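Here is a short tour of a protein model, meant to be read with the viewer open. Let us begin with the chain as a whole and then move on to its details.

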Amino acid sequence: MNNKILNIRATGIAVLAIVTLTFGFSNSARADFFDFLFGAEPCKVGTKYTCDQLDRAKYNVYFYTPEDQEKYLGVAINLASAKIMSVQYANQLGLRRDAGWQTVFCLKTTNSECEEKH
């Protein structure tokens with residue numbers, strides 16, 4: 001009986017701690033805490049920008065053929081459209097997804113045409 005009460009009390013303390021950590025801090029502290037527990041989101045690894053900022057940013061899109069020839073495809077209005085541009089170009093060339101082509105999405109900022117590669 002005492003073990004059940006102790007287990008319930010320990011569980012209650014853990015739940016209270018999680019609720020406090022989740023709702024008791026600012027968003028950045030919450031994100032850092034969850035990054036610590038579960039690992040950073042893939043889009044946040046190696047960048048100073050949030051996932052939302054990266055998703056909405058403009059990108060210079062570069063396509064590399066299986067022979068490693070570079071082709072500049074233009075500016076994409078966001079990360080999703082950058083991916084679409086590269087797939088459409090590969091389709092125009094008749095290349096399958098496993099053909100060895102690659103893309104580089106260069107994050108455009110006011111200071112750089114390629115601040116980060118994605």
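Among contacts in the protein chain between residues at least 6 apart in sequence, 39% join residues at least 24 apart; a contact here means heavy atoms within 4.5 Å. Please keep in mind that this is a predicted model, in which local features need pLDDT of at least 70 and side-chain atom pairs count only at pLDDT 80 or more, while totals for chains, interfaces and linings use all residues. Residues are numbered from 1 along each chain as its sequence is written, and side-chain values use heavy atoms, with hydrogens and water left out.

**The chain overall**

The protein chain has four helices and three strands, and from the N terminus on they come in the order α-α-α-β-β-α-β. Helices (H or I, at least four residues) and strands (E, at least two) are DSSP runs, numbered from the N terminus. Of the 118 residues, 24% count as buried. Buried means under 20% relative accessible area, exposed over 50%, and partly exposed in between, with a 1.4 Å probe and protein chains only. The chain exposes about 8,700 Å², and carbon and sulfur atoms supply 57% of that area; the areas come from the Shrake-Rupley method with a 1.4 Å probe, and for residues only the protein chains shown count as cover.

**Aromatic pairs**

Rings of Phe, Tyr and Trp (its six-membered ring) pair if their centres lie within 6.5 Å; planes under 30 degrees apart count as stacked, over 60 as edge-to-face and the rest as tilted. By this rule there are three aromatic pairs. Two of them are set out here:

| Pair | Centre to centre | Angle between planes | Class |
|---|---|---|---|
| Tyr 62 and Tyr 72 | 5.1 Å | 50 degrees | tilted |
| Phe 63 and Tyr 89 | 4.9 Å | 75 degrees | edge-to-face |

Tyr 62 sits in strand β1 (residues 59–64) and Tyr 72 in strand β2 (residues 70–76), 10 residues apart, so this pair links distant parts of the chain. Tyr 72 counts as partly exposed, at 39% relative accessibility. Phe 63 lies in strand β1 and Tyr 89 in helix α4 (residues 79–92), so their pair ties together parts that are 26 residues apart in sequence. Both partners are covered: Phe 63 is buried at 0% relative accessibility, and Tyr 89 is buried with a relative accessible area of 18%. Ring pairs also bring in Trp 101, which joins Phe 63 and Tyr 89 in a cluster.

**Helix α4**

The buried residues of α4 are Leu 79, Ser 81, Ala 82, Ser 86, Tyr 89 and Ala 90. What covers them includes α3 (51–56), β1, β2 and β3 (102–107). At the N-terminal end, Asn 78 caps α4 with a side-chain oxygen 3.3 Å from the backbone nitrogen of Ala 80. After α4 comes Gly 94, whose phi is positive, near 75 degrees.

**The disulfide**

The structure holds one disulfide, that is, a pair of cysteine sulfur atoms within 2.5 Å. Cys 106 and Cys 114 form it, with their sulfur atoms 2.2 Å apart. The torsion about their S-S bond is about -60 degrees, so the disulfide is left-handed.

Note on methods. Polar contact = N/O pair within 3.5 Å; in protein donor to acceptor, adjacent residues only side chain to side chain.
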